[in-house]
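Subject: Structure handover

Hello,

The structure I promised is below. My notes follow it.

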Amino acid sequence: MTHPVLPTTELGTGGPLVGVQGLGCMGMSEFYGPTDSDEALATLGAALEAGVTLFDTADMYGFGRNEEFVGPFVRANRDKVVIATKFAIERSEQDPTRRAVRNDPAYIRAAVDASLRRLGVDEIDLYYMHRRNPDVPLAESVGAMAGLVEAGKVRHLGLSEVTGAELREAHAVHPIAAVQSEWSVFARDVERSAVPAAAELGVAFVPYSPLGRGFLTGAFQDAGKLSDNDFRRTHPRYTGDNAAANGELLAPLREIAQAHGGTLAQVALAWVHQRAEVHGLTVVPIPGTRKRSRLAENTAAATLRLTEADLALLEPVSGRVAGDRYADMSNTSVGRE
Ligand SMILES: NC(=O)c1ccc[n+]([C@@H]2O[C@H](COP(=O)([O-])OP(=O)(O)OC[C@H]3O[C@@H](n4cnc5c(N)ncnc54)[C@H](OP(=O)(O)O)[C@@H]3O)[C@@H](O)[C@H]2O)c1
């Protein structure tokens, strides 16, 4: 039995109390190559023991199978786990490349019932709109989400990949506890509008892919060589010439990790926490891992404090990254800014 290493924080004003680092569960069912389910399940338990309480899934991960995978664990630890899931990205198993973004109230009401059923719980602690469809008025979508809170199906609301303006508009309809968007040493576009708006409104930020989908840890050099069904094989930043150029940018992370006797992953996680201090907002990054060893490494990052000199070394990195965060940026916040 390890001792909890993580302090807790409020996830947005009036939001739930959670460990300062969460766990991304997506890779346990899809996107990052083959998974050992027993080890993934053990990782969920080890996370809880280490003080991780925010567990992140979505209805689209593994076409619902990720919610089904974490469901028994959530139910067995219902009083300790804060389960977050998401709606909006409609997929079809018949055509896995197809994606539609649905924000209409009828879709939201059906999606929540399906997620509750797959998770096997009465209430979702944090329910995010995964992507924004600008054709649907935001007030309509957030109004429908607020209806789920009134109906007792959802406790808190969140948004993913929204701009600062969209966050303000949504928060005026119903309090938003958290924004979940990509934020890392390599991905800092959110610092332009979403992060300042969240800080101003008392909304917490949940950085996803804080390890740059694993690239920032040095675990792989070129995603083009990963297993056949790995989503990163076509990622603009982590394949081909861009991957080679971006690999060079890891040098300062290596140098800092060595100086602190830590790892690249720990430096990347400590950086997100300290950037949030600069912006004056609460962050709960959700690094994804399916392995207990990496979980222990990542939670230990909570005790790493980077120096001003370290932060200065990392400051120019994101400006030099080659390639976009996604092949198609139209559904990201920066794509609408
Ligand atoms: N809202 C959104 O649109 C959105 C988008 C993407 C992700 N997410 C959420 O955010 C979570 C985290 O993001 P992510 O999984 O995309 O990326 P990430 O956390 O940046 O990186 C995950 C990758 O890094 C590896 N890894 C983790 N810890 C490591 C360590 N200490 N050393 C070496 N490698 C390590 C993992 O492999 P192993 O599993 O093999 O350890 C996995 O391949 C997801 O699980 C998901 O819940 C949300």
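A residue is called buried under 20% relative accessible area, exposed over 50% and partly exposed in between, with a 1.4 Å probe and protein chains only. By that rule Arg 320 is exposed, with a relative accessible area of 56%.

This is a predicted model, in which local features need pLDDT of at least 70 and side-chain atom pairs count only at pLDDT 80 or more, while totals for chains, interfaces and linings use all residues. Residues are numbered from 1 along each chain as its sequence is written, and side-chain values use heavy atoms, with hydrogens and water left out.

Overall

The protein chain has 11 helices and 11 strands; these are DSSP runs numbered from the N terminus, helices being H or I with at least four residues and strands E with at least two. Along its principal axes the C-alpha trace spans about 50 × 45 × 40 Å. Of the 337 residues, 58% are buried. Contact means heavy atoms within 4.5 Å. Among contacts between residues at least 6 apart in sequence, 75% join residues at least 24 apart.

The sheet

Seven strands form an open sheet in the order S3-S4-S5-S8-S9-S10-S11, with parallel pairing; two strands pair if DSSP finds at least two bridges between them. The edges are strand S3 (23-24) and strand S11 (204-208), each with a single partner strand, so one side of each has no neighbour in the sheet.

Strand S10 (residues 178-182) pairs with S11 in the parallel sense over five bridges, and Ala 178 has Ala 204 in S11 as its bridge partner. Strand S9 (residues 154-160) also runs parallel to S10, joined to it by three bridges; here Leu 159 is partnered with Val 179 in S10. Five of the five residues of S10 are buried. Ala 178, Gln 180 and Glu 182 lie on one side and Val 179 and Ser 181 on the other, so both faces are covered.

Helix packing

Axes are lines fitted to C-alpha atoms, for helices over the stretch in contact, and angles run from 0 to 180 degrees between N-to-C directions. Angles under 35 degrees count as roughly parallel, over 145 as roughly antiparallel, 65 to 115 as roughly perpendicular and the rest as oblique.

Helix H5 (residues 164-173) packs on helix H6 (residues 194-201) at about 30 degrees, with the axes 7 Å apart. That makes H5 roughly parallel to H6. In this contact Gly 164, Leu 167, Arg 168 and His 171 of H5 meet Ala 194, Ala 197, Ala 198, Glu 200 and Leu 201 of H6. By class, there are five nonpolar, two polar and two charged residues. Nonpolar covers Ala, Val, Leu, Ile, Met, Phe, Trp, Tyr, Cys and Pro; charged covers Asp, Glu, Lys and Arg; the others, Gly among them, are polar.

Helix H2 (residues 65-76) and helix H3 (residues 105-119) have axes that come within 7 Å and cross at roughly 60 degrees. They are therefore oblique to each other.

Arg 320

Arg 320 lies in the segment after helix H11 (308-314). Not counting residues up to four places away in sequence, Arg 320 touches Asn 246 and Leu 249.

Regards
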